[in-house]
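Here's a quick walk through one model, from a charged pair to the sheet and the core. Have the sequence and the 3D view open as you read.

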Amino acid sequence: MKAKFIFIALIAVLITSIYSCTKAGTGGNATVVAKVYNTDNGSAPVNGATIYIKYGQSTPPSANNTGYDDHKVAAANSNSVTFTGLQQGTYYFYAEGNTGTATAPQPVSGGGPFSLTHANRNGTSTATIGVAY
């Protein structure tokens, strides 16, 4: 009887651990709105930026825009993009854009980690990405 109880308890722990482990990435119900701001210019929005995302990582995968899992380009009049269908976990966002004028653009770039928590696994969160010259 005692052995049967221990066996059932072990199976329950195994099943719980399998279903409680989630990895960052797609296949979830969360939405992250990534917004880009220029920290060198009073946190002014950077419209039309390209935003890259790396799943399951809190550091950049490379020194430039390679090694990311996905990317999106914000509209010319917007500083944000939306990533949907994400699972809870850690993500790294990186953005590249231009400020200034069309004849004298000033490139900006930067990134940082973002944690999508258990509490927000079924909702919408905002990731703020600071970029600089």
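This is a predicted model: local features need pLDDT of at least 70, side-chain atom pairs count only at pLDDT 80 or more; totals for chains, interfaces and linings use all residues.

## The salt bridge

Lys-54 counts as buried because its relative accessible area is 17%, under the 20% cut-off.

The side chains of Lys-54 and Asp-69 meet in a salt bridge, at 3.5 Å from N to O. The pair ties together distant parts of the chain: Lys-54 sits in strand β3, while Asp-69 is in the loop between β3 and β4 (70-73), 15 residues apart. The structure holds one salt bridge. As a rule, side chains of opposite charge can pair when their charged atoms come close.

## The open sheet

Strand β3 also turns up in an open sheet of four strands, ordered β4-β3-β6-β7 with antiparallel pairing. At the edges you'll find β4 and β7, each pairing on one side only. On average, neighbouring strands here are turned by 15° against each other, direction ignored.

Look at β6 and β7: twelve bridges join this antiparallel pair. Tyr-92 stands opposite Pro-113 in β7.

## The nonpolar core

Which residues touch the most other members of the largest nonpolar core? In this set of 22 residues, they are Val-36, Ile-51, Phe-83, Leu-86, Phe-93 and Ile-129. Elements giving two or more residues include β3 (50-55), β6 (89-100) and β7 (105-116). The biggest giver is β1, with four residues.

Definitions and conventions. Residues are numbered from 1 along each chain as its sequence is written. Side-chain values use heavy atoms; hydrogens and water are left out. A nonpolar core is a set of buried Ala, Val, Leu, Ile, Met, Phe, Trp, Tyr and Cys residues joined through side-chain atoms within 4.5 Å. Buried means under 20% relative accessible area, exposed over 50%, partly exposed in between (1.4 Å probe, protein chains only). A salt bridge is a side-chain nitrogen of Lys or Arg within 4 Å of a carboxyl oxygen of Asp or Glu. Two strands pair if DSSP finds at least two bridges between them. Axes are lines fitted to C-alpha atoms, for helices over the stretch in contact, and angles run from 0 to 180 degrees between N-to-C directions.
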